[in-house]
Amino acid sequence: MNDSLPEDSAPRWQGERGGWLLVDRQTGHVSSINLPEFAVLYSAASWYRNYAAYCGVADDGKKRFALVAQISRRRPVLRKQLSNDGIVEDAAPDSACPAPVWQRRPVRVSFEQTGGASLTFAIRGHVADLVNDVEEEEGSK
C-alpha cells in the first residue's frame with residue numbers, strides 16, 4: 001500500500017495483510033474471495049481443493065469458530081464454535097488457532113483447540129460431519 005502523502009517526493013510503501021484473491025488462469029480476471037468471519041490478522045487459512053479451513057473470529061472478538069468455506073458458495077460448509085476465550089488486542093498474527101490440517105481420503109479437516117484437544121470433521125460436498133474416533137474404531141472391528 002502506498003503510504004505517502006501528496007507532498008512527499010517519493011512513494012512510501014507499507015506492507016499490510018489483506019484478504020484472499022482468486023485469479024482465473026484463462027482470462028486473467030482477478031476477484032476477491034469472501035471468507036465469512038475471516039480475521040485478516042488472526043486467522044490462518046489452510047487450503048485443499050476449493051475449500052478453505054480456518055479459525056474465524058466473531059465481530060466482537062469474543063468467540064472463535066472452526067470454519068470451512070467453499071469457493072463460490074455464500075454460506076460456509078462448516079461453522080462450529082471452538083471456545084469462548086476472547087482474543088487480546090495485542091495478540092500475535094495467526095493466533096486464533098493453528099492452521100487446520102487436511103486429510104485426503106476420506107476428506108477430513110482437523111482443528112486444534114486450546115488445551116491440545118482437536119476436532120475433526122468429514123467434508124462431503126456441501127456438508128460437514130463431526131468425526132468421533134471412538135465410534136470409528138468400534139465400527140472397524
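1. Start with the surface. Leu 21, Val 23 and Val 30 make a nonpolar patch there, and their accessible area together is about 280 Å². A patch takes residues with over 30% relative accessible area and no salt bridge; nonpolar side chains (Val, Leu, Ile, Met, Phe, Trp, Tyr) are joined within 5 Å, like charges within 9 Å. A salt bridge puts a side-chain nitrogen of Lys or Arg within 4 Å of a carboxyl oxygen of Asp or Glu. Areas come from the Shrake-Rupley method with a 1.4 Å probe, and for residues only the protein chains shown count as cover. Val 23 sits in strand S1 (residues 20-23).

2. A note on the source. This is a predicted model: local features need pLDDT of at least 70, side-chain atom pairs need pLDDT 80 or more, and totals for chains, interfaces and linings use all residues. Numbering runs from 1 along each chain as its sequence is written, and side-chain values use heavy atoms, without hydrogens and water.

3. Now the fold. The protein chain has 1 helix and 10 strands. Both are DSSP runs, numbered from the N terminus: helices are H or I with at least four residues, strands E with at least two. The order along the sequence is β-β-β-β-β-β-β-β-β-β-α.

4. Next, Arg 49. This residue lies in the loop between strand S3 (46-48) and strand S4 (51-57). Arg 49 counts as exposed because its relative accessibility is 63% (exposed is over 50%, buried under 20%, partly exposed in between; 1.4 Å probe, protein chains only). Gln 70 is 21 residues away from Arg 49 in sequence, yet their C-alpha atoms are 9.0 Å apart.
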